[in-house]
Amino acid sequence: MCGIVGYIGHRNAYDVIIKGLKRLEYRGYDSAGITLLNGSMNIYKKAGKVSDLENFAEGKDINGSVGMGHTRWATHGEPNDRNAHPHKSNNGKLSIIHNGIIENYATIKTELIKRGHVFHSDTDTEVLIHLIEEIQHKANVSLEEAVRLSLHEVVGAYAIVIISEDQQDELIVARKGSPMVIGIGEGEHFIASDATPIIEYTKNVVYLNDSEMAIVKKDSLVIKNIENVVQNPVIHELEMQLEMIEKNGYDHFMMKEIYEQPKSIYDSMRGRIRATEGLISLGGLKEYETKFKNAERIIIVACGTSWHAGLVAEYIIEEFARVPVEVEYASEFRYRNPIITENDIIIAISQSGETADTLAAIELAKSKGATIFGICNVVGSSIPRASHAGAYTHAGPEIGVASTKAFTAQVTILTLLAWSLAQIKGTLSRTRVVELLTALEAIPAKVEKALTSNEQIQKIAANFKDAPNFLYLGRGFNFPVALEGALKLKEISYIHAEGYPAAEMKHGPIALIDENMPVVVIATKGSILEKTISNIQEVKARKGIIIAIVTEGDTEVKKMADYVIEIPDTEEALVPLLATIPLQLLSYHIAIMRGCNVDQPRNLAKSVTVE
Ligand code: M6R
């Protein structure tokens with residue numbers, strides 16, 4: 001959370017930084033701020049969005065070709081002007097922006113106050129810049145050395161950029177636990193929390209590793225670890241294209257990303273299957289085939305939507321590969337002293353690849369000797385780098401805070417993983433694999449078809465925009481889809497929604513049902529449709545309103561549902577890839593009708609790099 005952009009070179013730094021901050025706004029939008037060097041050091045900051053900062057900076061001195069900017073997701077200190085980054089040192093000469101949490105800030109602050117430092121914010125970040133100033137003067141060392149020594153004092157996570165009024169030709173950058181990318185241009189360098197602010201200027205980037213710092217000048221880049229040992233940076237070439245991170249005519253990134261799913265699902269399987277031959281090739285799996293084959297269980301760790309993808313995988317892996325699967329919230333797993341052995345396989349799922357809890361769960365499992373298989377979307381992010389093996393989802397950048405195309409891409413990869421494992425274990429015949437892969441290949445076209453219900457769903461949404469509560473029900477493979485539908489609605493429309501296994505409803509939630517309660521039921525063709533129909537009847541008997549997701553050609557559910565949305569027929573295990581689509585659209589339209597900002601819902605951030 002929090003987005004960072006830095007620039008040093010020959011362009012107007014303000015323009016590069018503001019544009020970059022807008023691209024990173026998905027990471028946090030509580031406040032924004034900028035430091036520019038132009039002889040003197042100018043700092044402008046404002047509560048609210050990057051556009052509020054722009055308004056504030058209008059008419060002020062925004063010149064200079066060195067600068068840094070920040071868009072904040074508040075942790076320490078409420079979102080106001082005072083707590084907005086950048087923060088200054090006591091003497092006003094140094095300025096810092098920070099993503100992460102300095103856990104021991106209170107102790108350091110107390111000590112610094114005793115030494116006469118006066119603080120102007122409630123943030124943990126301000127403490128770090130005062131500490132750097134204190135060390136620089138006390139030890140009479142360079143800024144770079146003062147930063148390095150300070151980082152030995154702090155506990156926690158950080159990605160930081162520091163600017164000094166006295167050293168107008170350099171930026172000091174460091175990271176531990178929060179991402180940082182450095183773009184290398186001709187006589188210029190770019191710094192950012194992810195590559196999106198960099199892509200239009202250069203494709204060559206260096207990913208800073210944990211406990212590394214960089215001394216960035218116009219024409220030079222020196223990377224050291226915080227033990228002062230110079231590192232050899234590996235230059236990566238970005239595959240991302242600029243149009244991937246623009247709205248391309250859609251009103252919102254979320255809608256664009258929903259509509260991208262035929263392509264993103266296709267991209268996630270591209271080059272990995274040959275349906276007619278029954279071949280699945282997941283590069284990351286090859287090397288660990290024996291480990292997977294002998295694993296007595298698989299543990300999946302993830303958060304939020306990625307956790308829901310993990311639940312779908314539990315059903316699919318157990319069904320086809322007959323290996324027991326446990327799906328864990330990474331945040332719980334990491335703190336509950338779980339039993340992990342060297343025979344365990346941990347699958348870590350994350351769109352951003354930066355989620356702090358998931359990373360910590362990986363580190364814990366690794367320390368106990370488990371094998372980590374990461375499934376991530378952001379190439380080069382921390383989770384793939386912390387994993388032994390893995391597979392990228394290749395869904396393309398997901399900017400909307402509500403995860404949509406990342407979920408369906410994750411489910412696609414996990415499905416391939418399940419079937420591949422089933423082949424390795426001999427629990428799936430070649431003929432059946434050919435059938436399943438053929439069905440999977442047809443999914444992008446079927447998602448396209450599911451998207452044609454958009455207008456119908458928009459009309460349905462109009463009837464429920466003022467509903468205070470929603471219930472989502474599904475069984476089997478569709479239970480996680482119900483959870484995901486409920487999460488999507490609550491995070492972007494702020495309507496309270498619960499997802500439940502349909503049969504569990506009678507153990508409590510049924511008390512909520514009355515003539516005002518909309519109940520979304522995923523009642524698609526499959527082995528337990530009859531049971532789901534009974535659950536629908538239980539809702540109807542209590543006058544609840546049924547919005548049913550059904551398989552094309554259904555006649556049974558239609559008789560009892562108030563609203564019906566059809567999706568194409570497919571293999572039962574693949575239904576989540578289709579049933580999710582109308583639920584994403586329903587949430588989107590309801591949120592828009594309620595005047596909500598679907599791309600930047602309140603209190604949320606796209607990548608949760610704090611625990
Ligand atoms: O980047 P990750 O997949 O690790 O993120 C996990 C969750 O924070 C994320 O899925 C969150 O729940 C989304 N806002 C859901 O739409």
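In the loop between which elements does Asn 337 lie?

Modeller: Asn 337 lies in the loop between α11 (330-333) and β19. Helices here are DSSP runs of H or I with at least four residues, strands are runs of E with at least two, and both are numbered from the N terminus. The phi angle of Asn 337 is near 50 degrees, which is a positive value in a residue other than glycine.

Before going on, two notes on the source. This is a predicted model, in which local features need pLDDT of at least 70 and side-chain atom pairs count only at pLDDT 80 or more, while totals for chains, interfaces and linings use all residues. Residues are numbered from 1 along each chain as its sequence is written, and side-chain values use heavy atoms, with hydrogens and water left out.

Now the sheet to which β19 belongs. Five strands make up this open sheet, in the order β18-β17-β19-β20-β21, with parallel pairing. Two strands pair if DSSP finds at least two bridges between them. At the edges stand β18 (325-329) and β21 (389-392), each of which pairs on one side only. On average, neighbouring strands are turned by 20 degrees against each other, direction ignored. Angles are taken between N-to-C directions and run from 0 to 180 degrees; the axes are lines fitted to C-alpha atoms, for helices over the stretch in contact.

One pair can be followed in detail. Strand β17 (residues 298-302) is joined to β18 by five bridges in the parallel sense. Within this pair, Ile 298 of β17 stands opposite Val 325 in β18.

Helices lie against the sheet. Helix α10 (residues 304-321) packs on it and touches β17, β18 and β19 (345-350), and its direction makes about 170 degrees with that of β18. Touching means contact, that is, heavy atoms within 4.5 Å. Helix α14 (residues 405-425) lies across β17, β19, β20 (371-376) and β21 and runs at about 160 degrees to β19.

Next, the ligand. It is surrounded by 14 residues, of which the closest are Ser 306, Ser 350, Ser 352, Thr 355 and Glu 491.

Some polar contacts, which are pairs of N or O atoms within 3.5 Å, can be listed. A polar backbone atom of Thr 305 is 3.0 Å from an oxygen atom of the ligand. From the side chain of Lys 488, a polar atom lies 2.8 Å from a ligand oxygen. For Glu 491, an N or O atom in the side chain is 2.4 Å from an oxygen atom of the ligand. On its own the ligand has 410 Å² of accessible area, and the protein covers 91% of this. Such areas come from the Shrake-Rupley method with a 1.4 Å probe.

Two or more residues of the shell come from each of α10 and α18 (479-493). Helix α10 gives the largest share, three residues. By class, the shell holds four nonpolar, eight polar and two charged residues. Ala, Val, Leu, Ile, Met, Phe, Trp, Tyr, Cys and Pro count as nonpolar, Asp, Glu, Lys and Arg as charged, and the others, Gly among them, as polar.

Terms used. A residue is near a molecule or strand if one of its heavy atoms lies within 4 Å of it. A polar contact is a pair of N or O atoms within 3.5 Å; within protein, one must be able to donate a hydrogen and the other to accept it, and residues adjacent in sequence count only if both atoms are side-chain atoms.
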